[in-house]
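Student: I'm new to this structure and would like a close look at a single part of it. Could you walk me through it slowly?

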Amino acid sequence: MSQALFRGMTLPDSFIQRRQRDASMADTFLEHLCLLDINQEPITARNTSIICTIGENGEEWRADRLLLNQEVLLAGAVQRFLPLLDQVAQDFSRMLRGRVERQARRSLTLDPSPDIFRFALEASCHVIYGERIGLLSSSPSQESQRFIWAVERMLSTTPPLLYLPPRLLARVGAPLWTQHATAWDDIFSHAEARIQKGCKRLSSSQGGSSKAGEAGAPYTGVLGQLMEKGQLSLDLIKANVTELMAGGVDTTAVPLQFALYELGRNPQVQEQVRRQVREAWAQAGGDPGKALQGMPLLKGTIKEILRLYPVGITVQRYPIRDIVLQNYHIPAGTMVQACLYPLGRSPQIFREPTRFDPARWGREAGERPRGQQQQEEREWERDSGRWRLASAPGSVIAENEMQLFLMHILLNFRLSVSSTEDIKTTYTFILQPETPPQITFTSL
C-alpha cells in the first residue's frame, strides 16, 4: 500500500506505522497484499494477526502461528471447544423450534440470515472468549449488533479499496476509507471490551489449582488458554483474537445460507444426510465429536457448498521465481490468479459439476486406485503441516460450527424452498446471495 494513501490522514490507534520495501511500491492494495514478504518489516497496516505477525524474522512469525494453532487447529483443542459450539447450535435450534411451533401448521417461512449471523457471532464468542453474549435471546445487546454491522460495513467497503489506486483515494479525501477505518475501529472496540472482561475473569480465578490444558481444567476459550500459557505477548493475543472474531461471522453465516437453500431444493439429498445424522447422533450418546465422525455426508455437504459457492472466489500470488504452469512460462513477479468459482464448477475436474452431491467426496475418493490414494494420503501427511500453518486459524472452528449447526437443524426440521432455480450471487469481498433466500422450516 503506497504511502500516498495515508499522506495527510490521521490513522486510528488500531494501525501500526511500518514500511515494507517491495510492497510499498505497489499501485493498489491488492498488489500490496500479494507482494507482502514475511521476511520483511510490514508497511503501515491494520494491526491484526495477518499483517502484524509478519515481521523482520519469518521464523518468529512461524513460531507465533504454531502457538496459536495449538489452541485452534489441533485435535486436542477441537475436542475442548466442540461442546461449546454444540451448546450454541442446540440453543439456536431450540429458539427456532419455539418460533415454528407457534405457527398453526408448525411451519415457518423466513429469511434466516439475520438469525444465522447472530448464531455465528454467539458461537465465535463462546469459543474465543469462553462466554456467551446473549445474541440468541429475544433482545440481543446493542453492542453485539453494532459489531455485526461493523463487520458488514468492513466487508462492503473492502472491494473498492483493493483495486482503486491509493493516490486517487488520497486526492478525493477517501470517504470510503474513513468508513472502512471506522468499521475496523468498532470491531477492535468490541474485541477490546471482551478481552478486558476475559482478563478480569482470569485474574479472579487464578487461585485455582488447574492450569490451562490440564485434564479436568475448565475450558476458558482461546483467549483464556493463550493468556494462561503466557507464550504470546498480549498485543499478539489481542491481534489474533480480533482477527478470529472479525473473520468468523460472514464467512460462516453466508455458506450456511447456501447450505440451507441447497438442502431445501434437493429433498432427496436432504433425507439421505438426515438419515445418517440421526444414526450417528443416536450412537454418539450426546458426544458431538463422536457424532461428527459418523457423518461423512454432512462433511460432504460443507465441501459441496464451498465448491459451488467459495467464500473467496479468487486467490492471487506473485511467484518469487520463474515457474511453468500447463506449459506456460510465468516470469517471477507476475501476478497469478486462481479463479476458484469456475474451477469448482469445471467438468474437467468434477463429474456433473452443477449437481449438489455431498456423496461425491466419499465416492470419488473410493473410486481412485488404492496405490494412488495411498500416495495422496502420504503427500497430504507431508504437506498438511505447512497447509495448516498458512491457513486461516479460524477455519477449523468454522468447519465444526457449520457442521453442528446443520446437524441440529436436520434433526429438528424439514427444509424446503419455493423455487428450485439457481440462486443469484454477488461478490462483496466474499461471495453471497444477491437476495437472501427464503427457507421454510417444518418441525419434525
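Student: At what angle do helix α11 (residues 250–265) and α18 pack, and how far apart are their axes?

Tutor: A word on the source before we start: this is a predicted model, where local features need pLDDT of at least 70 and side-chain atom pairs count only at pLDDT 80 or more, while totals for chains, interfaces and linings use all residues. Residues are numbered from 1 along each chain as its sequence is written, and side-chain values use heavy atoms, with hydrogens and water left out.

Now, your two helices. Helix α11 and α18 pack at an angle of about 35°, and their axes are 11 Å apart. Axes here are lines fitted to C-alpha atoms, for helices over the stretch in contact, and angles run from 0 to 180 degrees between N-to-C directions. The helices themselves are DSSP runs (H or I, at least four residues), numbered from the N terminus. The α11 and α18 crossing is right-handed, a label that applies if the near helix is turned clockwise from the far one by less than a right angle.

Who touches whom? On the α11 side, the contact (heavy atoms within 4.5 Å) is made by Thr 252, Pro 255, Leu 256, Ala 259, Leu 260 and Leu 263. From α18 come Ala 398, Glu 401, Met 402, Phe 405, Leu 406, Ile 409 and Leu 410. Sorted by class, that gives eleven nonpolar, one polar and one charged. Ala, Val, Leu, Ile, Met, Phe, Trp, Tyr, Cys and Pro count as nonpolar, Asp, Glu, Lys and Arg as charged, and the others, Gly among them, as polar.

Keep an eye on Phe 405, one of the α18 contact residues. With 1% relative accessibility, Phe 405 is buried, meaning under 20% relative accessible area with a 1.4 Å probe and protein chains only. Phe 405 also has a ring partner: the centres of the Phe 92 and Phe 405 rings are 5.0 Å apart and their planes are at 50°, so the pair is tilted. Rings of Phe, Tyr and Trp (its six-membered ring) pair if their centres lie within 6.5 Å; planes under 30 degrees apart count as stacked, over 60 as edge-to-face and the rest as tilted. Phe 92 belongs to helix α4 (residues 75–101) and Phe 405 to α18 (residues 395–412), so this pair links distant parts of the chain, 313 residues apart. Phe 92 is buried too, at 4% relative accessible area. Finally, ring pairs join Phe 92, Phe 119 and Phe 405 into a cluster.

Key. Buried < 20%, exposed > 50% of the residue type's maximum accessible area, 1.4 Å probe, protein only.
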